[in-house]
Amino acid sequence: MTLIYRLIAAAIIVIVTYLIVRGLERLLLVLLRGVEAEYIHRIVEGVRIGIYVIVAIVVANIIAPEIQVLSILMLLIGLSLIAMFFDILRNIGSEFYIRTRNIVRRGDWIEVDGISVRVVDLDAFGVVGETHKLEKVYIPYSKIVGSLIVNRTTPLGLITRIFIGIPQSYSIDNARNTIIEVAKIIEPDLATEPDVTYIGTRNNMLEFTLEFHIINYRKLGKIISVIEKEIKERIPDAVVRT
């Protein structure tokens, strides 16, 4: 078989394989309707990679049956597959690093891009979590490795920091005493004494942080709601954020 015929045969196999893969993806989406999208994605990716690897080997054998040429083609195919699935491979490597170093574990509260998330599960592609408002959050492992992550889980419980802005019409001492007064309301749910810190002035507001350890993380949403309600009752123009 001449080289031109081998190239034509290889091209036909590649085209047919592409069409088969697309058809299989649609078939899997139909057969697995109602199943979690993440699980379907994992199955589709696995099937796609398996088929592409097998076809790549077949095509290489057709184009270059000679050992030396075949070896070069296999190298190029390997590099192409690495480039094609770079994000997946990087995520797999990130997962290995996170699991072996115990950076995050189930039940931990972590802060990612300023958002506090409780780790519910660690699956094959990332961390499944929820906020204190029970919103679902999905974080790829590569995102965790490539970002500044704060693990707020300590032996004393979940460490929580709330930012409170008080209008400058109030004195620093008056604002601080108001926050301390409100913090005393939630003391039964805390593992440590709350700490109030003045951090400066911004946008005509006195900025404070209220920091404490929570015994039961499930009460986080309720505690934040109580703090916001009590502070706004005392200082209506106050701003409370987590």
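Modeller: A cavity is a set of grid points where a 1.4 Å probe fits but cannot get out, and its lining residues have an atom within 4 Å of a point. The model discussed here is predicted.

Colleague: Which residues line the largest cavity?

Modeller: The lining is made up of Val-21, Leu-24, Glu-25, Leu-28, Val-44, Val-47, Arg-48 and Ile-51. Two elements, α1 (3–31) and α2 (37–63), each give two or more residues to this lining. Sorted by class, six of the lining residues are nonpolar, two are charged and none is polar.

Colleague: Next, the nonpolar core. Which residues have the most contacts inside the largest one?

Modeller: A nonpolar core is a set of buried residues of the nonpolar kinds, such as Val, Leu, Ile and Phe, joined through side-chain atoms within 4.5 Å. In this model the largest has 25 residues, and Ile-162, Ile-164, Ile-166, Leu-210, Phe-212 and Ile-227 have the most contacts inside it. At least two residues of this core come from each of β7 (157–167), α6 (172–183), β9 (205–214) and α7 (220–234). Another core, of 11 residues, lies apart from it and includes Ile-98, Ile-110, Val-112 and Ile-139.

Colleague: What is Ile-164 in contact with, leaving aside its neighbours within four places in sequence?

Modeller: The contacts of Ile-164 beyond those neighbours are Ile-179, Leu-206, Glu-207, Phe-208, Leu-210, Ile-231, Val-239 and Val-240.

Colleague: On to charges. How many salt bridges does a search of the whole structure find?

Modeller: Side chains of opposite charge can pair when their charged atoms come close. The search finds nine salt bridges in this structure. One of them joins Glu-130 to Arg-118, with the closest N and O atoms 3.1 Å apart. Because Glu-130 lies in strand β3 (residues 126–130) and Arg-118 in strand β2 (residues 115–122), the pair ties together parts that are 12 residues apart in sequence.

Colleague: Is Glu-130 buried or exposed?

Modeller: With a relative accessible area of 12%, Glu-130 is buried. Arg-118 also counts as buried, at 11% relative accessibility. Glu-130 meets Lys-136 in a salt bridge as well, at 3.8 Å from N to O. Lys-136, in contrast, is exposed, with a relative accessible area of 62%.

Colleague: Where do Lys-229 and Glu-233 lie?

Modeller: Both are in helix α7, four residues apart, which is about one turn of the helix. Lys-229 counts as partly exposed, at 47% relative accessibility, and Glu-233 is exposed, with a relative accessible area of 51%.

Colleague: Which residues are linked with them in a network of salt bridges?

Modeller: The network links Glu-181, Lys-229, Glu-230, Glu-233 and Arg-234.

Key. Residues numbered from 1 in each chain as written. Predicted model: local features only at pLDDT ≥ 70, side-chain atom pairs only at ≥ 80, totals over all residues. Heavy atoms only, no water. Buried < 20%, exposed > 50% of the residue type's maximum accessible area, 1.4 Å probe, protein only. Contact = heavy atoms within 4.5 Å. 1 Å grid on protein atoms, 1.4 Å probe; cavity = no way out; pocket = protein on both sides within 12 Å on 5 of 7 lines; lining within 4 Å. Nonpolar A, V, L, I, M, F, W, Y, C, P; charged D, E, K, R; others polar. Salt bridge = Lys/Arg side-chain N within 4 Å of Asp/Glu carboxyl O.
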